[in-house]
Amino acid sequence: MQKETIGLQSQDDLLIGLSKAICYSGFRSGQHPDRGNGAVNPSYEEVLEDLTILSKDSMFQLIRVYDSGVNSQMVLKVIKENNINIKVMLGIWLDAELSAHETCEWLTEPIPRETLDANKEKNLKEIAKGIELANQYTETVVAVNVGNEALVDWNDHKVSTDTIISYVKHVKSKIKQPVTVADNYKWWADHGKELASVVDFVSIHVYPVWEGKDLEDGISFTVENVKEVQNALPESKIVITEAGWATVASEFGDRASEEKQLQYYNWIMEWSKENNITTFFFEAFDEDWKGNPDNPMGAEKHWGIFTVDRKPKLVMKEFYPNL
């Protein structure tokens, strides 16, 4: 497979000196975040099992969680109480403060103003909780991410750039860890200059398979994505906070497979190490609560390097032969 390179970042640009990291959400079958009727969260024992798997033989020493809610609080508690060798990029989840019904294909009508106002209040509480957790778990939380894909037009939880800049400045004033915002690489390349000047590093998502690419083209396309951001924001340190390859997907056909996930994972981890770019692979475990409940083959459910039952897929089988 042809090796691609870009201008190297320095080792100082790595997050805590690591290039290899993983996105983690511990929801198992029958569990889910709050979708209006309350969340069903993993137990202490289930989170401990997950983190024991991920930290085995120092496989992953850095994980990303997406919010500062009950489940993320449990992750931090389990790490501390069991002295697990894992550091955390903590998330602060932002709900919609703008209605993107004209650009998000699954928003069929405007989000009511009262909902947007309530989301604003919820977001401020989430920010306060994220600050509290970052200060409580200073040995574990190594960075804080404010908002996940809240800037792109195609998502349903849009927040204005100016608002996110104000949130980032507030969080930075209250904690010692570096602060970032995670979003699609294209948004950063096209619109990210002002925000890039405020964050401590730029966090990008790259998904060639979502953009119609198969494996060979997907590898070169990933490099092009990173180069595009690097060219647009030459002063910024770049971290890839999501990159992955689905193993099953009705949307992708035979472009999704465990074999292709294995090849993409091995390539991007080697490439990230060579280029001093911290890369969070998406994701640790399949999440069957995601996507259309009537489509068990939907891509959203099948990004894990382990199944929802905690069995290793091809990419991890040699490292976890007894699971």
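Select helices α7 and α8 to begin: the two are roughly parallel to each other, a label given to angles under 35 degrees, whereas angles over 145 count as roughly antiparallel, 65 to 115 as roughly perpendicular and the rest as oblique. The contact of α7 with α8 comprises eight nonpolar, three polar and one charged residues; Ala, Val, Leu, Ile, Met, Phe, Trp, Tyr, Cys and Pro count as nonpolar, Asp, Glu, Lys and Arg as charged, and the others, Gly among them, as polar. The axes of α7 and α8 (residues 258-275) come within 10 Å and cross at roughly 30°. These axes are lines fitted to C-alpha atoms, for helices over the stretch in contact, with angles running from 0 to 180 degrees between N-to-C directions. Helices (H or I, at least four residues) and strands (E, at least two) are DSSP runs, numbered from the N terminus.

The model is predicted, so local features need pLDDT of at least 70 and side-chain atom pairs count only at pLDDT 80 or more, while totals for chains, interfaces and linings use all residues. Residues are numbered from 1 along each chain as its sequence is written, and side-chain values use heavy atoms, with hydrogens and water left out.

Next, display the side chains between α7 and α8. Leu-215, Gly-218, Ile-219, Thr-222, Val-223 and Val-226 of α7 meet Lys-260, Gln-263, Tyr-264, Trp-267, Ile-268 and Trp-271 of α8, where contact means heavy atoms within 4.5 Å. The crossing of α7 past α8 is right-handed, the term used if the near helix is turned clockwise from the far one by less than a right angle, anticlockwise being left-handed.

The structure holds 16 aromatic pairs. In this one the ring centres of Tyr-185 and Phe-221 are 6.4 Å apart and the planes stand at 85°, so the pair is edge-to-face. Rings of Phe, Tyr and Trp (its six-membered ring) pair if their centres lie within 6.5 Å; planes under 30 degrees apart count as stacked, over 60 as edge-to-face and the rest as tilted. Tyr-185 belongs to helix α5 (residues 185-191) and Phe-221 to helix α7 (residues 215-232), so the pair links parts of the chain 36 residues apart.

Move to helices α3 (residues 113-136) and α4 (residues 161-174), whose axes come within 10 Å and cross at roughly 30°. Helices α3 and α4 are therefore roughly parallel to each other. Lys-120, Asn-123, Leu-124, Ile-127, Ile-131 and Asn-135 of α3 make the contact with Thr-163, Tyr-167, His-170, Val-171 and Lys-174 of α4.

Then select α1 (residues 44-55) and α2 (residues 70-82): their axes come within 9 Å and cross at roughly 65°. That makes α1 roughly perpendicular to α2. Tyr-44, Val-47, Leu-48 and Leu-51 are the α1 residues in this contact.

Two backbone details follow. Glu-149, in the loop between β4 (141-148) and α4, has a positive phi of about 50° although it is not a glycine. A cis peptide bond, with omega about 10°, joins Phe-282 and Glu-283; Glu-283 lies in the segment after β8 (279-281).

Finally, colour by pLDDT, the predictor's confidence in each residue from 0 to 100. The protein averages a pLDDT of 95, and 98% of the residues score at least 70. Over residues 1-6, pLDDT stays under 50.
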